[in-house]
Amino acid sequence: MADIYDYDLVVIGSGPSGKRAAVQAAKFGRSVLIVDKGAQVGGVSVHTGTIPSKTLRETVLNLTGWRERGFYGLAYRVKHDISVADLHVRLEKTLEYEVNVLEHQFVRNQVTVQQGLARFVDPHQIEVLTGAGESHVVSADKVIIAVGTKPHRPSHIPFDDKVVIDSDGITRIERLPRSLTVVGGGVIGIEYATIFSALDVRVTIVEPRETILDFVDRELVADFMHQLRDRGVNFRLGTQLESIQFELGQPVAILEGGRRVRSDMLLYTAGRTGSTDQLNLEACGLQADGRGRLKVDPKTFQTATPNIYATGDVIGFPSLASTSMEQGRIAACHAFQQKVPNAPEFFPYGIYSVPEISTVGLSEEQARAEGIPYECGIARFKETARGNIMGLQGGMLKLIISLETRKLLGVHIVGEGATELIHIGQAVINLDGAFDYFIDATFNYPTLAEAYKIAALDAWNRITPRVLDEGNDNIQPQEERSDTTVAEIN
Ligand SMILES: Cc1cc2nc3c(=O)[nH]c(=O)nc-3n(C[C@H](O)[C@H](O)[C@H](O)COP(=O)(O)OP(=O)(O)OC[C@H]3O[C@@H](n4cnc5c(N)ncnc54)[C@H](O)[C@@H]3O)c2cc1C
Ligand SMILES: NC(=O)c1ccc[n+]([C@@H]2O[C@H](COP(=O)([O-])OP(=O)(O)OC[C@H]3O[C@@H](n4cnc5c(N)ncnc54)[C@H](O)[C@@H]3O)[C@@H](O)[C@H]2O)c1
């Protein structure tokens, strides 16, 4: 193809899906160009999304001594007077390293990188406008659009990037607020609200729906919200924001019904829009929806224009760095006639709030809606020796189990380490395993992972019919599996 086109593949966007697609195609021996308008490679994920928010969270947990407060009390701090500079130091170092790793990966795999804004001339030609005001056209056999999203910024919100900000602006704040209003209780809003609350900032969350995180198991959300309320986080649920006014330089959120919420800073996180507006999509026969998103074949990520693919956040749900990477790899495989891998059915969702939430498979509400007979098993982290050693006050793990097949249907965790622990349950679900695995397996001791065993035993005790032991009035489980553990859980 190199005779006809400059490249076998041009990838627009160097976030998780663009990077993975580019490297995968290069591994097939294809010539690849990646174009990104950002000053550095890495996309939203590295510069304003996943990595900055998770770095900020880690810094806050470390400097505040959050993880130790269960033992040393609520007043415990590793560093007093935490400043925005403290947060930025670690952020800069982490981002610099991430960019370095990516640049090295592109060099190693002979992926050419060009900084510039890409726009279609036709389905095979792309104009690249560089920061210096120059432009040139490159051609490619295949194109992958991996342009991601940007924060939704409606015109009635008076963003000033100082006190009324979006999730891009939060990585550049010049001082820490004493109070923060978060408008939009989605994943981004909840993550930042809880990170700032851990910094002793007074937080109010305004959300038009009656609940937050509605894709998460309700029992988990109830536990999570209880912990946040205990810390003084205010929820204004089922409430629309009408306008924002400024009083003495502070933003005041005017809510429906006239209620006012004044704070030092307001973070607006009411969703995101696909970054397709500058692509000149008409020239390649494509059209985005009202939120800037593109439609694709869900198995191959091919668009309606056969040589063009779209991957990552620009195609909408689930909009995760983890799933975006897999989409990029699948698109590159399909584009160059390689075996297309089948993504496992269940992927985990990790919400890096304080405390963490992670979930995989069916929630209790989904199992009920699908008419599947099920039972739940629950473990509290403080029931584990490791949780006790760590001084954990909260944290729970919930299993959803099929009563007909004993298969594990879902795992839901809130608390320390949830985003790591979830992968044990994910493996069992994707390997079609039964919950008995957790009862029979030997776990390291003491670990939080032991919560799987405790929750499985909890479910087992509920499921297993009891018979009356004659001569002894005790009720016994019909087929005792493990004396000590069953006795413990009883
Ligand atoms: C605050 C926040 C926290 C998040 N936390 C997590 C998390 O913890 N875990 C998780 O899995 N996901 C998380 N996400 C989601 C994750 O960041 C995205 O799913 C992921 O970045 C999407 O990758 P992508 O490949 O679509 O490209 P993106 O990372 O969105 O990057 C797109 C790139 O395309 C470039 N581009 C756009 N238009 C053009 C153009 N016309 N020409 C050239 N270049 C262009 C942009 O400059 C950008 O560099 C978070 C997102 C946000 C905003
Ligand atoms: N840990 C993670 O995996 C992670 C972290 C952050 C973001 N993300 C991804 O980024 C994507 C975008 O996140 P998000 O939080 O911006 O979007 P979202 O769609 O998850 O949440 C937006 C929230 O804003 C509310 N809302 C909508 N219109 C509103 C209005 N006019 N006023 C007030 N609130 C309004 C919605 O009801 C919703 O609760 C998510 O889909 C998620 O997949 C993932």
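Reader: Hello! How many residues of domain 1 are in contact with residues of domain 2?

Author: Welcome! Keep in mind that this is a predicted model. The size of an interface is often given as the accessible area lost when the parts come together. Here we can count residues instead: 14 from domain 1 are in contact with 13 from domain 2.

Reader: Which element gives the most to the side of domain 1 that touches domain 2?

Author: That is H3, with 7 residues. Both H3 and helix H5 (84–108) supply at least two residues of this side. Sorted by class, the side has 9 nonpolar, 4 polar and 1 charged residues.

Reader: What does the secondary structure of the chain come to, and how compact is the chain?

Author: There are 14 helices and 24 strands. The radius of gyration is 25 Å, close to the 23 Å from the globule rule for 490 residues, so the chain is as compact as a globular protein of that length. Buried residues make up 44% of the chain.

Reader: And which residues come nearest to ligand 1?

Author: Five glycines do, out of 38 residues around the ligand: Gly13, Gly15, Gly43, Gly148 and Gly312. By class, the shell holds 14 nonpolar, 20 polar and 4 charged residues. Among the elements that each supply at least two residues of it are helix H1 (16–27), strand S2 (32–36) and helix H3 (50–64).

Key: Residues are numbered from 1 along each chain as its sequence is written. Chains are lettered from A and ligands numbered from 1 in the order in which they are written. This is a predicted model: local features need pLDDT of at least 70, side-chain atom pairs count only at pLDDT 80 or more; totals for chains, interfaces and linings use all residues. A residue is near a molecule or strand if its C-beta atom, placed from the backbone, lies within 6 Å of it. Helices (H or I, at least four residues) and strands (E, at least two) are DSSP runs, numbered from the N terminus. Ala, Val, Leu, Ile, Met, Phe, Trp, Tyr, Cys and Pro count as nonpolar, Asp, Glu, Lys and Arg as charged, and the others, Gly among them, as polar. The radius of gyration is taken over C-alpha atoms; the globule rule is 2.2 Å times the number of residues to the power 0.38. A residue is buried if 20 or more other C-beta atoms lie within 10 Å of its own, exposed if 12 or fewer, and partly exposed in between; C-beta atoms are placed from the backbone. Two residues are in contact if their C-beta atoms, placed from the backbone, lie within 7 Å.
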